[in-house]
Each structure stands twice: as structure tokens, then as C-alpha cells.
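Subject: Structure for your review

Dear colleague,

Please find below the structure that I am handing over to you, together with its sequence. My account of what was found in it comes after the display.

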Amino acid sequence: MDFSAFNSAEQAHMNKIIEKKQMQDFLRLYANIVERCFASCCNDFTSKALSSKEETCVMSCTEKFLKHSERVGSRFAELNAGARLQF
């Protein structure tokens, strides 16, 4: 987007809004992916035990979720570090 018509404060404000929306969209997208992943792993909930296929699938979903959580944590740390530098 071209914000050249805005002053620097307005440009910074618009960039913050866009970054916030992008993060929300990213989190919503990933949450949906994780939900579908776990839902596709479990055939039913009539048994307390998982089959070996279900267990492998759940472990894969868990690994994906943990990697994502680590990335999101890093991203928030980056954003917070940038916010501190602006003050």
C-alpha cells in the first residue's frame, strides 16, 4: 500500500494496524490448521486408547503446534523489542 499521502505518524499508525491484522489472520489460520490436524487424527472418541496411526498423527500435530508456538513467541518478542525502541 502507498501511504505517501500520510504524514509519518499516520504512516506508522497504519503500519501498526496492518501488522496487527496480519498477526491475527496468521494466528486464526494456524489455529484452524491445528484444529483440522487433530480432528483428522482421531477416528472417534469411544475409546480411551489411541491407535498407533492416531498416536503418530497426534505427535505430528503436537510438533507442528509447538514449532508454531515458538515462532509466535519469537515474533511477539521482536514486536515488543521494536516497541520499546520507539519510546
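The notes below go from the chain as a whole to its core, its salt bridges and its surface.

The structure is a predicted model, in which local features need pLDDT of at least 70 and side-chain atom pairs count only at pLDDT 80 or more, while totals for chains, interfaces and linings use all residues. Residues are numbered from 1 along each chain as its sequence is written, and side-chain values use heavy atoms, with hydrogens and water left out.

**The chain as a whole**

The secondary structure consists of two helices and zero strands. Helices (H or I, at least four residues) and strands (E, at least two) are DSSP runs, numbered from the N terminus. Helix α1 covers residues 8-41, and helix α2 covers 52-86. The chain has 87 residues, of which 14% count as buried. Here, buried means under 20% relative accessible area, exposed means over 50%, and partly exposed lies in between (1.4 Å probe, protein chains only). The accessible surface of the chain comes to about 7,300 Å², and 59% of this belongs to carbon and sulfur atoms. Such areas come from the Shrake-Rupley method with a 1.4 Å probe; for residues, only the protein chains shown count as cover.

Contact means heavy atoms within 4.5 Å. Among contacts in the chain with a separation of 6 or more, 44% are between residues 24 or more positions apart.

**The nonpolar core**

The largest nonpolar core has five residues, namely C37, C41, C42, V58 and C61. Both helices contribute to this core, with α1 and α2 each supplying at least two residues. A nonpolar core is defined as a set of buried Ala, Val, Leu, Ile, Met, Phe, Trp, Tyr and Cys residues joined through side-chain atoms within 4.5 Å. Once its neighbours within four places in sequence are left aside, C41 is in contact with E54, C57, V58 and C61.

E19 lies in helix α1, and its C-alpha atom is separated by 9.6 Å from that of L79, 60 residues apart along the chain. E19 counts as partly exposed because its relative accessibility is 36%.

E35 is also found in helix α1. The C-alpha atoms of E35 and C61 are 26 residues apart along the chain and separated by 9.1 Å. With 55% relative accessibility, E35 counts as exposed.

K64 is found in helix α2. The C-alpha atoms of K64 and V34, 30 residues apart along the chain, are separated by 7.9 Å. Leaving aside neighbours within four places in sequence, K64 is in contact with Y30 and with C37, the latter being a residue of the core described above. K64 itself is partly exposed, at 45% relative accessibility.

**Salt bridges**

Side chains of opposite charge can pair when their charged atoms come close. A salt bridge is taken as a side-chain nitrogen of Lys or Arg within 4 Å of a carboxyl oxygen of Asp or Glu, and by this rule the count comes to four.

One of them joins the side chains of E63 and K67 (3.2 Å, N to O). Both residues lie in helix α2, four residues apart, about one turn of the helix. K67 is exposed, with a relative accessible area of 55%, whereas E63 counts as partly exposed at 46%.

E78 takes part in two further bridges, with R71 (3.7 Å, N to O) and with R75 (3.6 Å, N to O). E78 and R75 both lie in helix α2, three residues apart, about one turn of the helix.

**A nonpolar surface patch**

F26, L27 and F76 make a nonpolar surface patch of about 240 Å². Patches are made of residues with over 30% relative accessible area and no salt bridge, with like charges joined within 9 Å and nonpolar side chains (Val, Leu, Ile, Met, Phe, Trp, Tyr) within 5 Å. F26 is found in helix α1 and counts as partly exposed because its relative accessibility is 36%.

Yours sincerely
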